[in-house]
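Reader: Hi! Could you walk me through this model before I start working with it?
Author: Happy to, go ahead and ask.

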Amino acid sequence: MNDFKTFDYRKEIDGLRALAVIPVILFHAGFDFFSGGFIGVDIFFVISGYLITSLILQEKINNEFSLINFYERRARRILPALFLVVIVTIPFAFLVMSPLALKEFSNSLISIPLFLSNFQFWSESGYFATAAEEKPLLHTWSLAVEEQYYLLFPIFLVLAWRFRKHRVFWMIVGFAGISFALSEWGWRNSATANFYLAPPRVWELLAGSIVAFVVRKRGVRDNNILALLGIVAITVPIMTYDESTPFPSSYSLVPVIGVMLLVLFAGSDTFVAKFLSTKVMVGIGLISYSAYLWQQPLFAFAHIRSMKVPGQ
C-alpha cells in the first residue's frame, strides 16, 4: 500500500479549471475566436475524474473510504449552488418564456434533482440547435453526466478493490477504450445521444481516473516541454474547433490528452504550473463551478429577450 504517494492540493489544477470555464463562457457569449470553447466541459470531465479518483484511492488505501460519506460530500459540494441557480431562474422563466419552452423548463425542474437532465435534453434537441440557446438550464446535462459517474464509479472501485491495483487500473483502461469506441460509433449514427449521454462521455472522466493511478504510483513530473504541449493541445482546439466538429469523438482526444499531460507533467517548477498557479487563474478556478452554473441562464434569458449577446 505504501507504493502509492499521498494526494496533495495542487494550485495548478484550480488554474486549469479557469482554463476550462473561460472558453465555455466566451463560446456561449458568441466570440468567434473561441469557436471551440465548448471543450471546456471536456476539460472539466478529465479534472473531475482525476480528483475524485485520487481522493477515493487515498481513502481506500487508508481504509477510510465510505460510500455514504462520499455521496454526502458530493451533495454538499454540488447541490446548494445548483439549487440556488434553479430557484433564481424560475420567476424569470415564467416572465419571459413561451408556453412550450416553459413546459420544457418545468420538466427540467424534475430531471435536474434526479441528475437525469442529460436524458431530457437529449430527447428535446441538439446542443447547438437554435432552441437550445433558449434553455436556461441546458448546461445541467454535464452535471448529470458527472453525477452518474460519481454514483457508479465508487461502487465499481469498492467491488473491484479485491483485485490487485494494477488489475483495477487495466479494467479502467478497458472501460475507457469501450466508451471511446462507442463515441466514435455514436457521432456517426446518433449524434445527439452521443453528445448528451454518459456512455460515450465517460472515457473522458476515466482518462482522469487513469492519470490519478499514474500520479499515485509515480508522482507528478516536471517537464516543461510536455506541459507546454499540454497547453497547446487545449488551446488550439479552443480556437479551431467549431459547432461542426463531432463531439465526443477522436477530436476530443486532443484536449483530453492535453489535460492528461498537464496533470502528469506540470510540476510546480514548470513554467505552465507557475502560470496556472497565479492568483488570477486560481481565483477564477475556485469560482469556476458557480461561474459555469450562472452563465447559461444569463445568456439564455438574454437570447429570449432578443438582447444583443456580448461578442456578437
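What follows is a chat about helices, backbone geometry, salt bridges and a surface patch.

Reader: What should I know about the model and the numbering first?
Author: This is a predicted model, so local features need pLDDT of at least 70 and side-chain atom pairs count only at pLDDT 80 or more, while totals for chains, interfaces and linings use all residues. Residues are numbered from 1 along each chain as its sequence is written, and side-chain values use heavy atoms, with hydrogens and water left out.

Reader: Great. How do α3 and α14 sit relative to each other?
Author: The axes of helix α3 (residues 67–96) and helix α14 (residues 288–304) come within 10 Å and cross at roughly 10 degrees. That makes α3 roughly parallel to α14. Angles under 35 degrees count as roughly parallel, over 145 as roughly antiparallel, 65 to 115 as roughly perpendicular and the rest as oblique. The axes are lines fitted to C-alpha atoms, for helices over the stretch in contact, with angles from 0 to 180 degrees between N-to-C directions. Helices are DSSP runs (H or I, at least four residues), as are strands (E, at least two), numbered from the N terminus.

Reader: Which residues of α3 and α14 meet?
Author: On the α3 side they include Ile78, Leu82, Val85 and Phe92, and on the α14 side they include Tyr289, Leu293, Trp294 and Phe301. Contact here means heavy atoms within 4.5 Å.

Reader: Changing topic: where is the cis peptide bond?
Author: It joins Phe247 and Pro248, with omega about -10 degrees. Pro248 is in the loop between α10 and α11 (253–265).

Reader: And which residues have a positive phi although they are not glycine?
Author: Asn63 is one of them, with phi about 55 degrees, and Phe115 also has a positive phi of about 55 degrees. Most residues other than glycine have a negative phi, and most peptide bonds are trans.

Reader: Where is Asn63, then?
Author: Asn63 is in the loop between α2 (40–61) and α3. Asn63 counts as exposed because its relative accessible area is 66%. Buried means under 20% relative accessible area, exposed over 50%, and partly exposed in between (1.4 Å probe, protein chains only).

Reader: Is Phe115 buried or exposed?
Author: Phe115 is buried, at 17% relative accessible area. It belongs to the loop between α4 (99–111) and α5 (117–124).

Reader: Nice. Now electrostatics: how many salt bridges are there?
Author: A search of the whole structure finds nine salt bridges. The term stands for a side-chain nitrogen of Lys or Arg within 4 Å of a carboxyl oxygen of Asp or Glu.

Reader: What does Arg10 pair with?
Author: Arg10 pairs with Glu12, at 2.7 Å from N to O. Arg10 is buried at 10% relative accessibility, and Glu12 is buried at 8%.

Reader: What about Asp14?
Author: Asp14 forms a salt bridge with Arg17, the closest N and O atoms being 2.5 Å apart. Both lie in helix α1 (residues 11–28), three residues apart, about one turn of the helix. Asp14 is buried too, with 4% relative accessibility.

Reader: What does the bridge between Glu124 and Lys135 look like?
Author: Their side chains meet at 2.8 Å, N to O. Glu124 lies in helix α5 and Lys135 in the loop between α5 and α6 (140–160), so the pair ties together parts that are eleven residues apart in sequence. Glu124 is partly exposed at 23% relative accessibility, whereas Lys135 is buried at 6%.

Reader: And which residues are linked in a network of salt bridges?
Author: Asp42, Arg201 and Glu204.

Reader: What does Leu197 touch?
Author: Not counting residues up to four places away in sequence, Leu197 touches Asn118, Phe119 and Trp122. Leu197 is in the loop between α8 (191–196) and α9 (202–218), and counts as buried at 13% relative accessibility.

Reader: Last one: which residues form the nonpolar patch on the surface?
Author: Phe33, Leu229, Val232, Val236 and Met239, with about 440 Å² of accessible area together. Patches are made of residues with over 30% relative accessible area and no salt bridge, with like charges joined within 9 Å and nonpolar side chains (Val, Leu, Ile, Met, Phe, Trp, Tyr) within 5 Å. Accessible areas come from the Shrake-Rupley method with a 1.4 Å probe, and for residues only the protein chains shown count as cover. Val232 is in helix α10 (residues 224–240) and is partly exposed at 42% relative accessibility.
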